[in-house]
Amino acid sequence: LEFRRVLFRSVYPSIAKRMNWNGVVHVALVIDSSGYLLNASIHQSSGRDILDNAALEAANKLKNQQLPKPQSTSTVILPIAFKLR
């Protein structure tokens, strides 16, 4: 499934940038057979609440958008990395 839209919508929190915090958040996306997001939750934390919340906020922006349609309601684990360059 294609979820680049989530990555483009994730915003690196400014406090996390200032503190030089990096991490990967694994978000569980529950998608129905029509291709709509039913639920998003943290599957595995980055260890930083602010990064987890930013990833979850980005994922929830996919609600009301058509996503690729699975054959049945499915859960996809999407890793979202926050890394400073």
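**Notebook: a sheet, a helix and some loops**

I began in the sheet, where I found that leucine 29 has alanine 40 in E2 as its bridge partner. Helices (H or I, at least four residues) and strands (E, at least two) are DSSP runs, numbered from the N terminus.

A note on my source: this is a predicted model, in which local features need pLDDT of at least 70 and side-chain atom pairs count only at pLDDT 80 or more, while totals for chains, interfaces and linings use all residues. Residues are numbered from 1 along each chain as its sequence is written, and side-chain values use heavy atoms, with hydrogens and water left out.

**Entry: the sheet**

I looked up how E1 and E2 go together, and they pair in the antiparallel sense over 6 bridges. Two strands pair if DSSP finds at least two bridges between them. I reminded myself that strands of a sheet pair through backbone hydrogen bonds, either parallel or antiparallel.

Then I wanted the whole sheet: 3 strands make an open sheet in the order E2-E1-E3, with antiparallel pairing. E2 and E3 are the edge strands, each pairing on one side only. From one strand to the next the twist averages 25°; the axes are lines fitted to C-alpha atoms (for helices over the stretch in contact), and angles run from 0 to 180 degrees between N-to-C directions.

**Entry: helix H3**

I checked the span of H3, which has 12 residues and reaches 16 Å from its first C-alpha to its last, close to the 16 Å expected at 1.5 Å a residue. The expected span is 1.5 Å times one less than the number of residues.

Which residues of H3 are buried? I noted Leu51, Asp52, Ala54, Ala55, Leu56, Ala58 and Ala59. Buried means under 20% relative accessible area, exposed over 50%, and partly exposed in between (1.4 Å probe, protein chains only).

I picked out alanine 59 in H3, and it counts as buried because its relative accessibility is 0%. Its C-alpha atom is separated by 7.9 Å from that of serine 10, 49 residues apart along the chain.

**Entry: serine 46**

I found serine 46 in the loop between strand E2 (37-44) and H3. Serine 46 has a relative accessible area of 18%, so it is buried. Its side chain reaches the backbone nitrogen of arginine 48 at 3.1 Å, and a polar contact of 2.8 Å joins it to the side chain of aspartate 52. A polar contact is a pair of N or O atoms within 3.5 Å; within protein, one must be able to donate a hydrogen and the other to accept it, and residues adjacent in sequence count only if both atoms are side-chain atoms.

**Entry: aromatic rings**

How many aromatic pairs are there? I got 1 aromatic pair. Tyrosine 12 and phenylalanine 82 form it, edge-to-face, with 5.3 Å centre to centre and 85° between the planes. Rings of Phe, Tyr and Trp (its six-membered ring) pair if their centres lie within 6.5 Å; planes under 30 degrees apart count as stacked, over 60 as edge-to-face and the rest as tilted. Tyrosine 12 counts as buried because it has 15% relative accessibility, and phenylalanine 82 is buried at 2%.

Most residues other than glycine have a negative phi. Asparagine 64 counts as exposed because its relative accessibility is 74%.
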